[in-house]
Amino acid sequence: MFRKMRNRMLRANLCIISVILLGAFAMIYLLMWHNTNESNRIRMDNIGLTSVTSYVVQAGDENAPVVQARVEGESRTMVGEEGVVTVTISDSAGFMDLYASFILVLDDAYQVLETASHIDLQQESYDAAAEQVRVQDAAEGVITLDGRMWQYMVRGSANISLVTEASEDGSMGTAEVEQTVSGREVVFLDVTESLQSLRQLLVAFAVVVVVMLGVVFLVSRRVADRSIRPLEEAYQKQSQFMADASHEIKTPLAIISANADALLSEQPVTEEAARRWVEVTKEEVGRLGYLVNDMLCMLRQQTVPRCDTMFAFDELVENVIAAMEAVLFEHGIPLRQHITPEVYVKGDPDQLRQVVQILLDNSIKYCAAGGTVQVRLEKRRQWAVLEVSNSCCDTLPEDLALLFDRFYRGDASRASAGFGLGLPIARSIVEGMGGSLTANRRADMICFSAHLKCIQ
């Protein structure tokens, strides 16, 4: 049950962390992509300030008309069917020199009319770029050219006018011929590095997410185990408590039932036997009463508000010792005591009296033959320390913390007196007053130490 609970917690935790990480990294990546794209657009806008203005024809040779042009302030020529033609294009403000870029002027058939570039590319590369633009048929996009990635943007169309002068049939007269060609300007920018940076960022995010989820899984599992362990222990203790309580109740009930059956049987019994059975029944009823009272006492420690009164702890301990002297004398156990006067604590005096009685009674009950019981009360800085010791017996466990488990008794047969609830009740009372109750060995003695806040 608890393992399934832990696994559900782990799955829920991993899902929540995954959504948070993926959401955060997705926002960062989209923001970086948007900023990179906008930066590239601005660069292409600056590069794309160039525009085609006109084709001007000068009368040179009658059989070879010339069109003069300027690109980036320089004259360029291209060879056409009608002779040598020169194209005029306005200045691009020098932005082209800052980036790896070029400009193509294309006609409606996506044929290259003119190029403006400061990088060394073959004409085949320009033609391939124009072809990819034609295939994508979009105002902007990304193409791959010679192993590198280029972002392009179509700046719009321009009407190109071609004006030529030619002789008429070899005569001295001339005639002007004007042709208008519709074209478009496409700006290309090398974005290989920026796209590779985005791709590397995406890979880095994926690695970080995987590593983070692994770390979160390990940490969450450890935390879940530590969180569930107290619940599991509490559940086991509760189950053990119910089993032990059932066992403790079952035995007296079985004896009472047997005695009642014997008294109700038709077989004749002597008065002495009947009296003995009734006495045993009464004794078992008394044991059940003690058990119920102890269980109610443990319940009250968790539910009933505690009294908070300042009182003399030394006087309370002396009164309890005086009340237990007869029991000590009856068992033939000598008592050694050292009580520091004027030790004041704050709490419930009735409950603390019960703690001292439980510790003394436990020491008397389990004191080894010929041993002694010692009681010491003293101040240690801000603490009032009560120590009740007795000579060890052979039934002590290796782990003394087991003595404070409910229904714990040293003999497995449960033949010893009591129900094993005294020390758990005492510890619950002391801890409820902000103190602690521990057990430790000192040579051949076992010592129970109660620490309570001392009022100066």
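Axes here are lines fitted to C-alpha atoms, for helices over the stretch in contact, and angles run from 0 to 180 degrees between N-to-C directions. The model is predicted.

**Exercise 1. Describe how helices H5 and H6 pack: what is the angle between their axes, and which residues make the contact?**

Solution. 
Step 1. Helix H5 covers residues 313–331 and helix H6 covers residues 349–365; their axes come within 10 Å and cross at roughly 30°.
Step 2. Angles under 35 degrees count as roughly parallel. H5 and H6 are therefore roughly parallel to each other.
Step 3. The handedness of this crossing of H5 and H6 is right-handed.
Step 4. H5 contributes Phe313, Leu316, Val317, Asn319, Val320, Ile321, Met324, Val327, Leu328 and His331, while H6 contributes Pro349, Leu352, Arg353, Val356, Gln357, Leu360, Asp361 and Ile364.
Step 5. Sorted by class, the contact of H5 with H6 holds 13 nonpolar, three polar and two charged residues.

**Exercise 2. Describe how H6 packs against H7: is the crossing left-handed or right-handed?**

Solution. 
Step 1. The axes of H6 and helix H7 (residues 422–432) come within 9 Å and cross at roughly 145°.
Step 2. The crossing of H6 and H7 is left-handed.
Step 3. On the H6 side the contact consists of Gln351, Leu352, Gln354, Val355, Ile358, Leu359 and Asn362; on the H7 side, of Gly422, Leu423, Ile425, Ala426, Ile429 and Val430.
Step 4. Of these contact residues of H6 and H7, nine are nonpolar, four are polar and none is charged.
Step 5. In H7, Leu423, Pro424, Ile425, Ala426, Ile429 and Val430 are buried. Gly434 follows H7 and has a positive phi, near 85°.

**Exercise 3. Compare the span of helix H1 with the span expected at 1.5 Å a residue. Which of its residues are buried?**

Solution. 
Step 1. H1 runs over residues 2–47, which is 46 residues.
Step 2. From first C-alpha to last, H1 reaches 67 Å, close to the expected 68 Å.
Step 3. The buried residues of H1 are Phe2, Arg6, Leu10, Ser18, Leu21, Phe25, Thr36, Asn37, Asn40, Met44 and Ile47.
Step 4. An α-helix has 3.6 residues a turn, so residues three or four places apart point the same way.

**Exercise 4. Locate Asp348. How far is Asp348 from Phe311 in sequence and in space?**

Solution. 
Step 1. Asp348 belongs to the loop between strand E14 (344–347) and H6.
Step 2. Its relative accessibility is 12%, so Asp348 counts as buried.
Step 3. Asp348 and Phe311 are separated by 37 residues in sequence and by 8.8 Å from C-alpha to C-alpha.
Step 4. For the chain as a whole, 66% of contacts between residues at least 6 apart in sequence join residues at least 24 apart.

Conventions. Residues numbered from 1 in each chain as written. Predicted model: local features only at pLDDT ≥ 70, side-chain atom pairs only at ≥ 80, totals over all residues. Heavy atoms only, no water. Helix = DSSP H or I, 4+ residues; strand = E, 2+ residues; numbered from the N terminus. Parallel < 35°, antiparallel > 145°, perpendicular 65-115°, else oblique. Left-handed = near helix turned anticlockwise from the far one by under 90°. Contact = heavy atoms within 4.5 Å. Nonpolar A, V, L, I, M, F, W, Y, C, P; charged D, E, K, R; others polar. Expected span 1.5 Å × (residues − 1). Buried < 20%, exposed > 50% of the residue type's maximum accessible area, 1.4 Å probe, protein only.
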